[in-house]
Amino acid sequence: MNPILNTALKAARKAGSMMTRASNNLSNIKIDSKAFNDFVSDIDRESERILIETLKEAYPHHKITTEETGAHGNAKAEYEWIIDPLDGTTNYLHGHPQYAVSMALLHKGQLQEALVFAPERNDLYMASRGQGALLNDRRIRVSSRIDLNQCLIGTGFPVVDQSMMDDYLNILRAFLERTAGARREGAASLDLCALACGRFDGFFEFNLKPWDIAAGALIAKEAGAIITDMQGEQTWLETGNIVAANPKVLAQMLHIIGAHLK
């Protein structure tokens, strides 16, 4: 493990330990609403504090962008961390174990390092640009399925920004008619890691934020996935509209999505 990922892992494990301890008494956690169906808890904030503190100590000149408190450090820094301190907050607050710490490092705007840590399962996903992807020190690879009717698709409902709801439901219906099924598990970072492992054969979602997808996307790419926006272009990190799969499945997914976008 390189020193950068080792530092990220140190931070993620510390935050994860705090989360699992706090999950034993969920009724004591303070919860605020940022918007409709968009929650933040004391656990999100404490996890973010732990991550920022650890990264600043090791890399004081790096920029850090987080979900809850925005940008920290030098705005013009060559290196930028993009962090979701608790991806899957709603799951966590309901005692559902599908949640994770998500950390990605960009160099001059290009994804270089990624780590996603799921504390309850003690699953650690990592990737470095050009060096493949790992789950718990084991190489992972996207599935080799190419027949869409045999594919399982991961997705996320547009519950916060519902502006694309009609288009989304039409696309989801089309996938349900043409695939082996769809799953919505509530944490995009882990959905992309599931794609990287071959548990999902494809993934799509609208209106995500960079911290939702940066780390998971690099892990999926290093495991052999192609990542695009809904038009097959490379604006997914900016727009938050993302489609991911192996090359042949991706082409079929984009065809279906394109036919149902207004």
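The expected span of a helix is 1.5 Å times one less than its number of residues. The views below show a predicted model.

**View 1. Helix α4 and its span.** Helix α4 covers residues 165-178, a run of 14 residues. From the first C-alpha to the last, α4 reaches 20 Å, which is close to the expected 20 Å at 1.5 Å a residue.

**View 2. The buried side of helix α4.** Six names mark the buried residues of α4: D167, Y168, I171, L172, A174 and F175. These residues lie on the same side of α4 because they cover an arc of only 160° around the axis. In an α-helix, residues three or four places apart point the same way, because each turn takes 3.6 residues. The cover over the buried residues of α4 includes the strands β11 (152-155), β12 (181-184) and β13 (202-205), together with helix α8 (247-260).

**View 3. The eight-stranded open sheet.** Eight strands form an open sheet with mixed pairing, in the order β4-β3-β5-β6-β7-β8-β9-β10. Strands β4 (70-72) and β10 (138-139) are the edges, each pairing on one side only.

**View 4. The pairing of β3 with β4.** Strand β3, residues 63-66, is antiparallel to β4, and three bridges join the pair. For I64, the bridge partner in β4 is H72.

**View 5. Helices lying across the strands.** Helix α1 (residues 3-22) lies across β5 (79-87), β6 (100-107), β7 (110-118) and β8 (123-128), and its direction is at about 30° to β7. Helix α2 (residues 42-58) lies across β3, β4, β5 and β6, running at about 155° to β5.

How values were computed: Residues are numbered from 1 along each chain as its sequence is written. This is a predicted model: local features need pLDDT of at least 70, side-chain atom pairs count only at pLDDT 80 or more; totals for chains, interfaces and linings use all residues. Side-chain values use heavy atoms; hydrogens and water are left out. Helices (H or I, at least four residues) and strands (E, at least two) are DSSP runs, numbered from the N terminus. Buried means under 20% relative accessible area, exposed over 50%, partly exposed in between (1.4 Å probe, protein chains only). The arc is that of the directions from the helix axis to the C-beta atoms. Contact means heavy atoms within 4.5 Å. Two strands pair if DSSP finds at least two bridges between them. Axes are lines fitted to C-alpha atoms, for helices over the stretch in contact, and angles run from 0 to 180 degrees between N-to-C directions.
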